[in-house]
Amino acid sequence: MLIDSHCHLNYPGVAEDVPGVLARARAAGVGGFLGISTRRNEWDAVIAQADAEPDIWATVGIHPHEADLHPDTDTAILVDASCHARVIGIGETGLDYYYDKSDRDRQKASFAAHITAARATGLPLIVHTRDAEADTLALLQAPGDGVLKGVIHCFTASQAFAEQALALGFYISISGIVTFKNARDLQASAATIPADRLLVETDSPFLAPVPMRGRPCEPAFVAHTARFLATLRGETIESLAASTTANFFTLFGKARP
Ligand SMILES: [Zn+2]
Ligand SMILES: [Zn+2]
């Protein structure tokens, strides 16, 4: 069994046929889905999807692209929304200096509010980071009350960043990007991530892995990423599936039945 630790089931590309998407994923051995929020106005829909299916869970958060549009989303709002039984994580949040769709100071303020919420609730933080390694680490490393745990999602950062994130106790989630021909650096890093810190994800509907490139990505495709990753790491798909699934339930303890 595999778990898709990061997908957007409410986005165009998969939202049109969620029952079909889920059926194909389950047939491919995907036994769990973490539906990720990116905007305040989708929290209810993402939580409703998790409420409707026992193998879907939800997060609440504001994507760094959306930080400008959510100046009032603070820790209290995140903590309050995360009380729902199916909400098992805080995010996705973080910093994206590649697209710079929101002001960097607003991105940092939003990220800090999410970190405080994760510490306050004990729920894992889902971190999106692009071209912002130093600031991401500075915020994650800043002292605060309560334990901070989480995952660097859709990991594409440097080996040095991976090592620092691992040192903080974070997990690292690998998406279909690892299957791309030009992803040599990522492939090298992915091969070295400790087996007990690795997760897999699709980030559906984005980033379809080889050999599905060019199509909307759906959670079933996490099997392609997992198979590629297992070969890369010199392990069997069964062992990678077992460890990444166990890791998911260790990190997202609230998802345990
Ligand atoms: Zn992301
Ligand atoms: Zn995402």
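Biologist: What should I know before reading any numbers?

Modeller: It's a predicted model, where local features need pLDDT of at least 70, side-chain atom pairs count only at pLDDT 80 or more, and totals for chains, interfaces and linings use all residues. Residues are numbered from 1 along each chain as its sequence is written, chains are lettered from A and ligands numbered from 1 in the order in which they are written, and side-chain values use heavy atoms, with hydrogens and water left out.

Biologist: OK, which protein donors does the zinc ion (ligand 1) have?

Modeller: E92 through OE, H128 through ND1 and H153 through NE2, lying 2.0 to 2.2 Å from the zinc ion (ligand 1). Donors here are N, O and S atoms within 2.8 Å of the metal (3.2 Å for Na, K and Ca), and since water is not among the atoms, sites may look incomplete.

Biologist: And how are the donors of the zinc ion (ligand 1) spaced along the chain?

Modeller: The spacing reads E-x35-H-x24-H. E92 sits in strand β4 (residues 87–96) and H153 in the loop between β6 (150–152) and α6 (159–167), so the pair ties together parts that are 61 residues apart in sequence. Those elements are DSSP runs numbered from the N terminus: helices are H or I with at least four residues, strands are E with at least two.

Biologist: E92 and H153, buried or exposed?

Modeller: Both E92 and H153 are buried. The cut-offs are under 20% relative accessible area for buried, over 50% for exposed and partly exposed in between, using a 1.4 Å probe and protein chains only.

Biologist: What coordinates the zinc ion (ligand 2)?

Modeller: H6 (NE2), H8 (NE2), E92 (OE) and D203 (OD), at 2.1 to 2.5 Å. E92 coordinates both zinc ions, which are 3.5 Å apart.

Biologist: What's the geometry at the zinc ion (ligand 2)?

Modeller: Irregular, with angles of 84 to 176° among its 4 donor atoms. For four donors, tetrahedral needs all angles between 85 and 135 degrees; four count as square planar and six as octahedral if opposite donors are over 155 degrees apart and all others between 65 and 115; anything else is irregular.

Biologist: And how are the donor residues of the zinc ion (ligand 2) spaced in sequence?

Modeller: As H-x1-H-x83-E-x110-D. H6 in strand β1 (residues 2–7) and D203 in the loop between β8 (198–200) and α8 (222–233) are 197 residues apart, and the pair links distant parts of the chain. H6 is buried at a relative accessible area of 1%, and D203 is buried at 8%.

Biologist: Where are the cis peptide bonds you'd point to?

Modeller: One runs from G91 to E92, with omega near 10°. Another joins V210 and P211, with omega about 10°, and P211 is in the loop between β8 and α8.

Biologist: Switching to helices: at what angle do α4 and α5 pack?

Modeller: Helix α4 (residues 104–121) and helix α5 (residues 133–141) pack at about 35°, with their axes 10 Å apart. Axes are lines fitted to C-alpha atoms, for helices over the stretch in contact, and angles run from 0 to 180 degrees between N-to-C directions.

Biologist: Which residues make that contact?

Modeller: K108, F111, A112, I115 and R119 of α4, plus D135, T136, L139 and L140 of α5. Contact means heavy atoms within 4.5 Å.

Biologist: What does P64 touch?

Modeller: Leaving out residues up to four places away in sequence, P64 touches E92, T93, G94, L95, D96, S102, Q107 and H128. P64 is buried at 2% relative accessibility and lies in the loop between β3 (56–60) and α3 (75–81).

Biologist: And T129, what is it in contact with?

Modeller: L95, T136, I152 and F161, leaving aside neighbours within four places in sequence. T129 lies in strand β5 (residues 125–130) and is buried, with a relative accessible area of 11%.
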